[in-house]
Amino acid sequence: MSNSSQVLVVAPDYGLRRSLEFALEVEGFAVLSFDDVNAALASPSAAEGSCVVVDEEALLDDPFAMAAVRRFHKPVLLLVDRSRSMPDALGVRVLRKPILGNALITAVRLTDEAGGAGQLT
């Protein structure tokens with residue numbers, strides 16, 4: 001993925017969402033962010049993204065959110081809390097929080113190159 005690619009960010013927590021935006025924008029990525037999965041899917045701009053970064057908190061209150069994530073039809077990077085287990089069978093790349101150093105940028109690049117699933121720590 002070139003640094004000019006657009007990354008979709010889905011995170012209900014405003015502070016986390018802004019932090020993710022900042023980290024990606026500093027590296028030259030265009031970022032389109034949303035506070036929930038359905039808003040991201042409803043956006044006409046969602047099709048332009050090369051991958052999606054989703055915070056697990058966006059999935060916890062909506063029983064259909066994970067099914068909605070699969071409708072993105074692009075690589076997904078799921079940010080999860082270290083204390084929770086998340087099955088790899090979801091077809092997404094998993095990055096455990098807290099995110100340290102350049103892990104987010106590396107994971108976004110790997111997610112796009114690999115086309116999806118896998119576990120990162």
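Student: How many salt bridges does the structure hold?
Tutor: The structure holds 3 salt bridges, counting a side-chain nitrogen of Lys or Arg within 4 Å of a carboxyl oxygen of Asp or Glu. This is a predicted model, where local features need pLDDT of at least 70, side-chain atom pairs count only at pLDDT 80 or more, and totals for chains, interfaces and linings use all residues. Residues are numbered from 1 along each chain as its sequence is written, and side-chain values use heavy atoms, with hydrogens and water left out.

Student: OK, what does Glu21 meet in a salt bridge?
Tutor: Arg18, at 2.0 Å from N to O. Both lie in helix 1, 3 residues apart, about one turn of the helix. Helices here are DSSP runs of H or I with at least four residues, strands are runs of E with at least two, and they're numbered from the N terminus.

Student: Is Glu21 buried or exposed?
Tutor: Glu21 counts as buried, at 9% relative accessibility. The cut-offs are under 20% relative accessible area for buried, over 50% for exposed and partly exposed in between, with a 1.4 Å probe and protein chains only. Arg18 is partly exposed at 37%.

Student: And which residue does Lys97 meet in a salt bridge?
Tutor: Asp55, at 2.6 Å, N to O. Lys97 lies in strand 5 and Asp55 in strand 3, so the pair ties together parts 42 residues apart in sequence. Lys97 and Asp55 are both buried.

Student: What about strand 4, how many of its residues are buried?
Tutor: 5 of the 6 residues in strand 4 (76–81) are buried. Strand 4 pairs with strand 3 (51–55) in the parallel sense over 4 bridges; pairing takes at least two bridges found by DSSP. Strand 4 also runs parallel to strand 5 (93–97), joined by 5 bridges.

Student: Switching topic: what's the volume of the largest pocket?
Tutor: About 160 Å³. A pocket is an open set of points on a 1 Å grid over the protein atoms alone, where a 1.4 Å probe fits, with protein on both sides within 12 Å along at least five of seven lines; lining residues have an atom within 4 Å of a point. The volume is the space filled by probe spheres set on the points.

Student: Which residues are closest to its centre?
Tutor: Of the 13 lining residues, Leu20, Ala23, Ile99, Gly101 and Leu104 are the closest. Helix 1 gives the largest share of the lining, 5 residues.
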